[in-house]
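Biologist: Hi, could you walk me through this protein model? I'm new to reading structures.

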Amino acid sequence: MEISNLFFKLALILFATKIFGLLTRKFHLPQVVGAIAAGIILGPAILGVIVPSEIITIVAEIGVVLLMFTAGLETDFKQLQASLKATFIIAVLGIIIPIGGGFALAYCFGQDVLKSVFIGVILTATSVSITVETLHEMGKLKTRAGTAILGAAVIDDVLGIIILSVVMGTSDDGSVSIAEIGLMLLKIIGFFALALIFGVTVFKVFKYLIIKKGIKKRVYIFALVFCFFMAFLAEQFGIANIIGAYFAGLILCNIPSEEAIEEKSTILSYMFFSPIFFFSVGLMTTFEGLDKRLVLFAVLLLAVAILSKLAGCFLGAVLCKYTKKESLQIGVGMISRGEVAIIVATLGVNEGHMVPELFSSVIVVVIITTLITPLLLNLVFRKDEGDMNTDEVKPSTG
C-alpha cells in the first residue's frame, strides 16, 4: 500500500465513521453502530472502496487495546470486588448454555460430536469492546450492570481459553491431551500471578510519582507503556491482549488523578484508533459461499447465539440477586461475539475442528450480533423515571 493511498484511506475511514456516527445519533442510536455500518458499506460486502489490509488490522488492534485500557480506568474497583462471585456465576452460565445450544444445532446439521462441541465453543466467546464503547457513550459503564458485564466478560474469556484448550487437545477418537490442558492452566495462573505482583509495584510507583511530582506528561506516557506491556504479557501467556490492557487500567483506576489519565487515554482512542477498530469490524463482513443450507444454518446459529447467551447471563444475574432489569442489561451486554469468535473459528478450521463451509455462517453471526448489541443496549438501558442506578450522563463527544 503506497503511503499517499494509506493517508487517503485513513482520512476516508475517519470521515465516514464520524458522519455515519452522527447519522445514527440522530435516530437516538449509539455512534458505534454508525462506525460499523460505515465499514460494511465501504468494505467488500457492498461498495468495496476499502478492503482489509495489514496496517488497518494493526491500527484496529491498538484501538481495541486502548478501549479496554480506558474501560479498566473507568471501572469502579470496589463494586467489581463486591460482585466478583456474581460475575463468575454469570460467566459460567453464559458459557454452559451457549455450548449446549451450539452443540445441539451443529449435531442436527450432521456434524460429528467433536465438531459440534467446537461450534458450541465458538458461541461462548464474548466481545466486550463493542459493549464498553456503547456503555461509555451512554454514561452507563459504572452502573452495577455495567460493572458486572465487564467482570463477567473477562472471566468468560479466561474460561473460554481453558475450554478451547480442552477441545483442541482432544483427538478424533475422544482422547484428551492432559499435558496440553495442564500447560494452559499453568500459563493462566502464571499470568495472573505476575500481573498481581507487577501491578502492585506499578501502582505504588505511579502513586509516588503523582504525589511527589504532580500529574505531568510523563505519567500519561508511563500509563500507555504499562497498558501495552500488559497487553504484550497477556499474549505471551496465551491470553487475549485485551485482558492484559483491561487489567492495566484496573490497576491504575484508584491512583490519585486517575481521571486525568483516563481523559488523555480516551482522547487518544476516540480521535484515531477506536474509529478504525469499529470500522474494521464492519470491514470483515462477507457473504461469500453461503448457499440455502448454510443460510438456514446461519439464521438458526444466530438465534442460538443470541438466546443462549441472553438466557445464561440473565439466569446467572437473577440468581445473584440482580433486578430483572439489570439481569436483562447484563444478558444483552454479553451477546456480541466480535473478533474473539472469528479467531476461535479460524483456529478451528486450520486445525480441522470445524469444516470450512461453516466459516461464512459464523462470520454472519459475528457481524449481526456485533451490530444488534448496541441497539439492544440502547433499549434496555433507557432511563426509567425514578431510576437512580445510573452514572451521570457524560457530555457528547460528537
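This is a predicted model: local features need pLDDT of at least 70, side-chain atom pairs count only at pLDDT 80 or more; totals for chains, interfaces and linings use all residues.

Biologist: Good to know! Where do helix 13 and helix 14 come within 8 Å, and at what angle do they cross?

Modeller: Helix 13 covers residues 292–319 and helix 14 covers residues 324–333; their axes come within 8 Å and cross at roughly 140°. The crossing is right-handed. On the helix 13 side, the residues that meet helix 14 are Lys309, Leu310, Cys313, Phe314, Ala317 and Val318. Their partners in helix 14 are Lys324, Ser327, Leu328, Ile330, Gly331 and Val332.

Biologist: And what classes of residue make up that contact?

Modeller: The contact of helix 13 with helix 14 has eight nonpolar residues, two polar ones and two charged ones.

Biologist: What about Lys321, where is that?

Modeller: Lys321 sits in the loop between helix 13 and helix 14. Its phi is near 75°, which is a positive value in a residue other than glycine.

Biologist: Is Lys321 buried or exposed?

Modeller: Lys321 counts as exposed, because its relative accessibility is 72% and the cut-off for exposed is over 50%.

Biologist: Switching topic: how many residues are in the largest nonpolar core?

Modeller: That core has 106 residues. Ile122, Phe191, Tyr246, Leu252 and Ile330 have the most contacts inside it. The helix that gives the most to this core is helix 8 (residues 144–168), with 12 residues. There is also another core apart from it, made of 14 residues, including Ile50, Ile56, Val59 and Phe279. As background, nonpolar side chains tend to be buried together in soluble globular proteins.

Biologist: Let's zoom in on Tyr246. What does Tyr246 touch?

Modeller: Leaving out residues up to four places away in sequence, Tyr246 touches Met68, Phe69, Ala71, Gly72, Thr75, Leu80, Leu150 and Val154. Tyr246 also belongs to a cluster linked by ring pairs, together with Phe191, Phe192, Phe237 and Phe247.

Biologist: How accessible are Phe103 and Tyr107?

Modeller: Phe103 is partly exposed, with a relative accessible area of 27%. Tyr107 is partly exposed too, at 47%.

Biologist: And why is the pair of Phe198 and Phe229 called tilted?

Modeller: The ring centres of Phe198 and Phe229 are 5.3 Å apart and the planes are at 55°, so the pair is tilted. This pair links distant parts of the chain, with Phe198 in helix 9 (residues 178–213) and Phe229 in helix 10 (residues 217–236), 31 residues apart. Phe198 has a relative accessible area of 32%, which makes it partly exposed. Phe229 counts as partly exposed at 35%.

Biologist: Last one: which helix does Val340 lie in?

Modeller: Val340 lies in helix 15 (residues 338–351). At 17% relative accessibility, Val340 counts as buried, because the cut-off for buried is under 20%.

Biologist: And what does Val340 touch?

Modeller: Not counting residues up to four places away in sequence, Val340 touches Ala125, Thr126 and Asp157. As for Phe15, Val340 is 325 residues away from it in sequence and 27 Å away in space, C-alpha to C-alpha.

Key
Residues are numbered from 1 along each chain as its sequence is written. Side-chain values use heavy atoms; hydrogens and water are left out. Axes are lines fitted to C-alpha atoms, for helices over the stretch in contact, and angles run from 0 to 180 degrees between N-to-C directions. Helices (H or I, at least four residues) and strands (E, at least two) are DSSP runs, numbered from the N terminus. A crossing is left-handed if the near helix is turned anticlockwise from the far one by less than a right angle, and right-handed if clockwise. Contact means heavy atoms within 4.5 Å. Ala, Val, Leu, Ile, Met, Phe, Trp, Tyr, Cys and Pro count as nonpolar, Asp, Glu, Lys and Arg as charged, and the others, Gly among them, as polar. Buried means under 20% relative accessible area, exposed over 50%, partly exposed in between (1.4 Å probe, protein chains only). A nonpolar core is a set of buried Ala, Val, Leu, Ile, Met, Phe, Trp, Tyr and Cys residues joined through side-chain atoms within 4.5 Å. Rings of Phe, Tyr and Trp (its six-membered ring) pair if their centres lie within 6.5 Å; planes under 30 degrees apart count as stacked, over 60 as edge-to-face and the rest as tilted.
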